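Please brief me on this structure.

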Amino acid sequence: TTFDFIFYYYPNQIQDENFVDLDKNKITDCVFVDGSNPSRVVISEFRDSLNNFMTTFEITTEGDVPGGFAIGDFDQDRKTELVFGTVLQKVYVIEVMDTNQYSMVWQGLAPAYNAYMVTQTNDIDGNIKPEFWVGGQDFNTGISTFWCYEADGDNNYVAVAGIELRYLVTLDTDYLQSSDVNND
């Protein structure tokens, strides 16, 4: 086995990376947090001519630190959304506008600070709307909280449910996923 290519991101580090075809052009995209500037989220696309990834979009959260990603069409407009939370209790939604074109379309509040635990569910409450979840930890109160968001219009989201885990502030979930554990 030999390496085909090595993805170097200057200057040094990639965090929370996800490989997915965000804009549905049959070319793999990589979304990640820039470890050398942890306020920046980067979307890059694989380019055959380079045999590597090239940055197509980036957003900086102005001194805040993003983490975790949920990916899906949460407002059901046939455009993919990318959701992430931040340390300072914010939630961002970026939407694919066209091939390699992205826009930040919504910003809201997360349930708590340190909102780096993010996942998606496919209509968990049976109302024909997919959901995304954002969880955070409040070290002062000792509570980890998750909120479930649904679209109530194009590019607009509201919290529709929540879960509190009291006295659990050391919850360390680098990877959070939803699953039907009892197959119902």
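Glutamine 120 has phenylalanine 132 in S10 as its bridge partner. The model is predicted: local features need pLDDT of at least 70, side-chain atom pairs count only at pLDDT 80 or more, and totals for chains, interfaces and linings use all residues. Residues are numbered from 1 along each chain as its sequence is written, and side-chain values use heavy atoms, with hydrogens and water left out.

- Five bridges join S9 to strand S10 (residues 131-138), and the two run antiparallel.
- Strands are DSSP runs (E, at least two residues), numbered from the N terminus.
- Two strands pair if DSSP finds at least two bridges between them.
- The sheet is open, has four strands in the order S9-S10-S11-S12, and pairs antiparallel.
- Strand S9 (117-121) and strand S12 (156-166) are the edge strands, and each pairs on one side only.
- Neighbouring strands of this sheet are turned by 25° against each other on average, direction ignored.
- For such angles, axes are lines fitted to C-alpha atoms, and angles run from 0 to 180 degrees between N-to-C directions.

**Sheet S1-S2-S3-S4**

- Four strands form an open sheet in the order S1-S2-S3-S4, with antiparallel pairing.
- Strand S1 (14-20) and strand S4 (52-60) each have a single partner strand, so one side of each is left without a neighbour in the sheet.
- The twist averages 25° from one strand to the next.
- S1 and strand S2 (residues 29-34) run antiparallel, joined by five bridges.
- Phenylalanine 19 stands opposite cysteine 30 in S2.
- Strand S3 (residues 40-47) and S4 run antiparallel, joined by eight bridges.
- Valine 41 has isoleucine 59 in S4 as its bridge partner.
- S3 and S4 form a hairpin with four residues between them.
- In that turn, asparagine 51 has a positive phi of about 50°.

**Glutamate 81**

- Glutamate 81 lies in strand S6 (residues 81-86).
- Glutamate 81 is buried (under 20% relative accessible area, 1.4 Å probe, protein chains only).
- Glutamate 81 has no salt bridge (a side-chain nitrogen of Lys or Arg within 4 Å of a carboxyl oxygen of Asp or Glu).
- The nearest side chain of opposite charge, lysine 79, is 7.7 Å away from glutamate 81; Lys and Arg count as positive, Asp and Glu as negative, and His and the chain ends are not counted.
- The glutamate 81 side chain reaches the backbone nitrogen of phenylalanine 74 at 2.7 Å.
- Neighbours within four places in sequence aside, glutamate 81 is in contact with residues including Phe74, Val93, Asn155 and Tyr157 (heavy atoms within 4.5 Å).

Terms used. Buried < 20%, exposed > 50% of the residue type's maximum accessible area, 1.4 Å probe, protein only. Polar contact = N/O pair within 3.5 Å; in protein donor to acceptor, adjacent residues only side chain to side chain.
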